[in-house]
Amino acid sequence: MKYESLAQTIVDNVGGKDNILSLTHCITRLRFKLKDESKANTDFLKSHDDIVTVMKSGGQYQVVIGNHVPEVYEAVSHVANIQDEESESQQQASSGSVLSRFIDLVSGIFQPLLGVLAAAGMIKGFSALFLALGWVTEKSGTYQVLFAIGDALFYFFPIFLGLTAAKKFHANPFLGMAIGASLVYPTLVSAMELGAKGATTLFSGSIFEVQSSLTFAGLPIISMTYTQSVIPIIFAVFFAAKLEKKLKVIIPDVIKTFFVPFFTLLIIVPVTFLVIGPVSSWLANWIGSGALAIYSLSPVLAGILLGAFWQIFVIFGLHWGLVAIMINNVSTTGFDIINPLIFAASFAQTGIVFGIFLKTKNKKLKSISLPAAISGIFGVTEPAIYGITLPRKKMFIYSCIVAGIFGGLIGFAGTKLYFMGGLGIFGYTTFIGKAGLDSSVWIAVLATVLALIVGLIVGYIVHSDKNEQEQEVSDSKDSKTKDVTSPINGETELQHIVKDDFVKAPLSGDMIKLEQVNDPVFSSLAMGKGIAIKPTSNTIIAPFDATVESLFPTGHAIGLKSKHGTELLIHIGIDTVKLDGQGFKALVNQGDTVVAGQPLIEFDSQIIQKQNFDDTVMIVVTNSNITKDVIIESKAHFNKQDDLFAIIY
């Protein structure tokens with residue numbers, strides 16, 4: 001192992017493996033929690049050539065390594081026999097196409113739920129098995145409790161996804177849960193069901209025809225079901241995170257705690273019902289109508305297309321249009337021709353996962369593959385999709401292809417569904433009509449068995465643990481951070497720390513810790529992490545290439561945003577807003593694009609001090625809450641354009 005020697009040195013000098021409570025890593029650092037920090041040989045570690053420095057913060061003993069920290073982390077974990085934990089670096093968005101990033105995003109949101117998702121799917125499947133075998137009845141308490149345990153996660157999906165999506169988008173997790181809970185609130189769920197009492201038809205006769213039984217502020221709310229949905233809550237939380245961020249800037253600190261979530265919920269939830277819902281509903285209806293049109297043209301073609309795209313429709317919540325047509329077909333004609341066409345999809349998905357399970361030697365992948373495959377047999381494929389195939393994009397594509405092939409075979413057979421029944425292996429009985437076990441039923445059974453077998457073969461042949469390891473390495477290399485090399489003469493330590501953004505000193509002066517300034521708004525770090533400088537120069541210059549996001553009319557403060565997204569506030573003096581611009585001269589305008597080193601504001605410290613105001617300049621990263629780290633240069637005095645701090649995302 002390449003870093004085994006370094007790993008052994010680190011473990012020995014943090015007090016040995018018995019002194020380590022836990023270990024994680026971010027982009028640059030090994031983050032230890034030690035039983036006794038006094039046992040660590042900090043001076044030795046700091047002097048080591050392969051270690052940048054050692055820092056102690058927030059109860060963590062942090063060994064700064066550089067951009068090769070994932071490899072060192074693995075080596076330390078191996079040497080100290082530490083069980084692998086999810087690292088912060090794995091939470092970064094990957095590069096690639098928009099579709100690729102979207103799939104990675106959705107997969108990342110589901111990642112924390114995978115274990116529970118698989119467990120719930122298995123319980124739901126077994127409850128269906130017990131019912132089919134006659135061991136329980138639908139009215140028995142045993143069945144109802146088991147079904148509730150298995151179905152609750154899926155029914156209330158938006159709440160769980162609201163939590164994980166909020167963490168992914170750096171929003172308040174409880175806001176995400178509250179938005180999700182609003183979407184599945186029982187009273188609204190009942191009122192918004194298709195065909196609900198009092199519902200009216202909107203845009204009748206057009207491609208936008210929908211039902212509505214509720215209004216909000218006079219605007220109609222489109223009837224649709226959000227239980228078990230995925231995409232609406234993700235989009236809702238995405239926009240909520242954006243709004244929350246803006247509100248934190250404009251709402252005063254003293255009322256921010258409750259007014260930020262107040263306005264976020266009050267805006268986002270109605271917008272979800274009024275905008276995101278209708279868009280989903282229209283797309284679903286169009287897909288449903290299109291499916292019927294294609295079936296009338298060619299059942300085989302319809303089977304191929306619906307079989308291949310069904311899982312994609314489910315992911316985006318666009319399948320409800322087809323579900324509504326299925327239910328309507330059964331109630332009006334006594335049978336449905338759409339449901340059988342998508343029946344092979346779950347078997348293809350399950351087969352792929354079984355193949356991966358049989359092939360992989362990766363213990364973690366193996367541990368989640370088997371429960372996902374078992375759930376899939378009973379028709380619950382969410383664990384398989386979100387936990388296994390979707391993150392491995394090619395596997396998901398192969399499952400869609402296999403599903404399309406055997407969907408076409410079912411279309412050729414003309415199989416019909418005669419009642420809405422079970423999923424997976426319990427769905428076969430729904431194809432038995434008055435003609436009994438005719439050829440259409442047997443061909444449907446054959447198609448699903450073949451989908452399972454072909455999927456298994458494809459999964460086994462295509463999956464490679466080597467590709468998986470290469471992808472993990474690629475993901476770490478795809479980070480936006482720069483390489484860390486050995487120190488070069490004349491450069492500061494900060495220039496060797498991996499960074500996403502780099503801030504230069506906007507003026508000359510003596511360094512003051514932000515926590516020590518005489519202003520609780522800044523010293524409490526409520527505005528964000530940063531640094532303060534007692535000025536010895538009278539001009540503020542741009543610390544990086546940026547856009548002037550805000551410029552106070554008094555000229556005492558300016559807000560900048562870098563091309564990497566860093567939001568920086570430079571605030572000259574404490575309470576200097578009371579000077580009403582006296583002693584300040586802005587050299588730029590709001591909205592201007594500036595380059596590093598460009599003069600921004602001139603100020604007169606003598607005027608500020610004569611009016612009995614403190615002229616200390618605060619430099620704060622106002623969006624430091626979404627960064628992984630703000631690493632401040634350790635110096636007593638800064639000159640203009642000296643390295644000030646690095647910002648890591």
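**The nonpolar patch and its setting**

Modeller: The model is predicted. Its protein chain holds 22 helices and 21 strands. Of the 649 residues in the chain, 50% count as buried. Contacts between residues at least 6 apart in sequence join, in 69% of cases, residues at least 24 apart. The chain exposes about 30400 Å², and 60% of that area is supplied by carbon and sulfur atoms.

Now to the patch itself. On the surface, a nonpolar patch is formed by F203, F208, F262, F263, L266, I267, V271, V275, V279, L283 and W286. Together these residues have about 930 Å² of accessible area. One of them, V271, lies in helix α11, which covers residues 253-297. V271 has a relative accessibility of 36% and therefore counts as partly exposed, since that class lies between the 20% limit for buried and the 50% limit for exposed.

Two residues elsewhere in the chain deserve a note on backbone angles. Most residues other than glycine have a negative phi. H170 is not a glycine, yet its phi is positive, near 60°. H170 sits in the loop between α7 (157-168) and α8 (173-183), and because its relative accessible area is 46%, H170 is partly exposed. Q641, also not a glycine, has a positive phi of about 70°. Its place is the loop between β20 (637-638) and β21 (643-648). With 43% relative accessibility, Q641 counts as partly exposed.

Key: Residues numbered from 1 in each chain as written. Predicted model: local features only at pLDDT ≥ 70, side-chain atom pairs only at ≥ 80, totals over all residues. Heavy atoms only, no water. Patch = residues over 30% accessible without salt bridge, like charges linked within 9 Å, V, L, I, M, F, W, Y side chains within 5 Å. Areas by Shrake-Rupley, 256 points an atom, 1.4 Å probe, with all protein chains shown as cover. Salt bridge = Lys/Arg side-chain N within 4 Å of Asp/Glu carboxyl O. Helix = DSSP H or I, 4+ residues; strand = E, 2+ residues; numbered from the N terminus. Buried < 20%, exposed > 50% of the residue type's maximum accessible area, 1.4 Å probe, protein only. Contact = heavy atoms within 4.5 Å.
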